[in-house]
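Hi everyone, thanks for making time today. Let me put the structure up, and then we'll talk through a helix pair and some charged side chains.

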Amino acid sequence: MTSPGPVTSLGEGDAARLLFVAGESETQQVLERLRGTGLAVSVERVSTLEALKAALERPWELAVCGAELAGLGFREAAPLLREKAPGLAFLVLTPRWDEAELSAVLAAGAHGYLDMGRLAQVVLEVQRELRRAIERRQHRRSKEHRQRTSEFLADLNHDIRSPLNGIIGYCDLLGIEEGGNLTPNGRRDLELVKKSAQALLTLINDVLELIRIEAGRMEVVTELVNFRELAEECSMTVREGLEGKAVELTSDIAEQVYVLRTDELKLRQVLLHLLAHAAGTTSVGTVALTARAEGHEAVFAVEDTGGGIPEDQLPFIFESFRRIEGSKGRKASGSALGLVLARELTRVLGGSLSVRSTLGSGTTFTVRLPCLVEDGAC
């Protein structure tokens, strides 16, 4: 015999799974109160030992053993519960409190001994155990998801990054060994192949980085950072991509932020993504990097004189895998993941990233990090 069905309309995948080894009357009393709690529950009631054995072939969050079933009280049910579902929590209901029975209940491994005369307390305890079980289920799923993510990252690293690194290496080798025999067009084509492979490798690295962050596998290594050198290195890297464009890249670093305490690699990534985005969206004018101390924070700003971002696009600028439109409806240049990674890495460092833009005039990204050396906050 099985009854009743789910308390709510949610499917079993979403609801807490509750098994009653109890009489119909005590089951209904608990369920009537449980319905008013708003907790999504999928319920089954069994009244025979055979039905209990069959039910325990499926997963449950909690079992509740009643006192109304002759021949299937907690003394008969507990051994089967321990055998078939050793990790399953169970509660025991009683029509009246009995100290001797309490000792037997606890010895059987029950999580609680509840007096049906105090129904509100019974329902509260059922709720509490269900929520704990749901949290354990979610933790297991999260752990499984992280494990699958780790396996995916390992596969992606081997299956995609390794061949790309091989292509880049062979391009370098071919340039060294056969460069003198190549025509100008051949050398240009070889360089194009290498740059295309490097661009694809950068994109793959961005995807991997985002997956690591979302999986909670990103570690922060705090150290003293020479920010003046870091800013100059980032600027030099981006200037290479500005060759042939009428764009000037400038930097203004205040003395208070010459040395910071943060994760150098992640801060470098943030600056490179922001500077690369500014350079990609500016065809004429300037890209300016400024850094200063403000209160207990270091504040970095990347400002450009590009086409700007339409106001209706600003809410989506940090969305994964979404490329915003620039002025005149054109897609903005650069990886759609760059700004997403800049924001997520800033969050990992304990800071914030904001954007301000005027269509036709340019865009300013502002990073705030609690990493001043005198602060000792990072």
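Which residues in H8 meet which residues in H9? On the H8 side we have Lys-266, Gln-269, Val-270, His-273, Leu-274 and His-277, and on the H9 side Gly-338, Leu-339, Leu-341, Ala-342, Leu-345, Thr-346 and Val-348. Contact here means heavy atoms within 4.5 Å. By class, this contact has seven nonpolar, five polar and one charged residues; Ala, Val, Leu, Ile, Met, Phe, Trp, Tyr, Cys and Pro count as nonpolar, Asp, Glu, Lys and Arg as charged, and the others, Gly among them, as polar.

Before going on, the ground rules. This is a predicted model, where local features need pLDDT of at least 70 and side-chain atom pairs count only at pLDDT 80 or more, while totals for chains, interfaces and linings use all residues. Residues are numbered from 1 along each chain as its sequence is written, and side-chain values use heavy atoms, leaving out hydrogens and water.

Back to our helices, then. H8 spans residues 264–280 and H9 residues 338–348, and they pack at an angle of about 150° with axes 9 Å apart (axes are lines fitted to C-alpha atoms, for helices over the stretch in contact, and angles run from 0 to 180 degrees between N-to-C directions). Helices are DSSP runs of H or I with at least four residues, strands are runs of E with at least two, and both are numbered from the N terminus. H8 and H9 are therefore roughly antiparallel, a label for angles over 145 degrees.

Now the charged pairs. Side chains of opposite charge can pair when their charged atoms come close. The count comes to 19 salt bridges, each being a side-chain nitrogen of Lys or Arg within 4 Å of a carboxyl oxygen of Asp or Glu.

Where does Glu-61 lie? Glu-61 is in the loop between H2 and S3, and Arg-137 is in helix H5, so their pair ties together parts 76 residues apart in sequence. The N to O distance in that bridge is 2.8 Å. Glu-61 also forms a salt bridge with Arg-17, at 3.1 Å. At 4% relative accessibility, Glu-61 counts as buried, meaning under 20% relative accessible area with a 1.4 Å probe, protein chains only. Arg-137 is buried too, at 7%.

Shared partners join Arg-292, Glu-294, Glu-297 and Arg-368 into one network of salt bridges.

Notes:
Angles under 35 degrees count as roughly parallel, over 145 as roughly antiparallel, 65 to 115 as roughly perpendicular and the rest as oblique. Buried means under 20% relative accessible area, exposed over 50%, partly exposed in between (1.4 Å probe, protein chains only).
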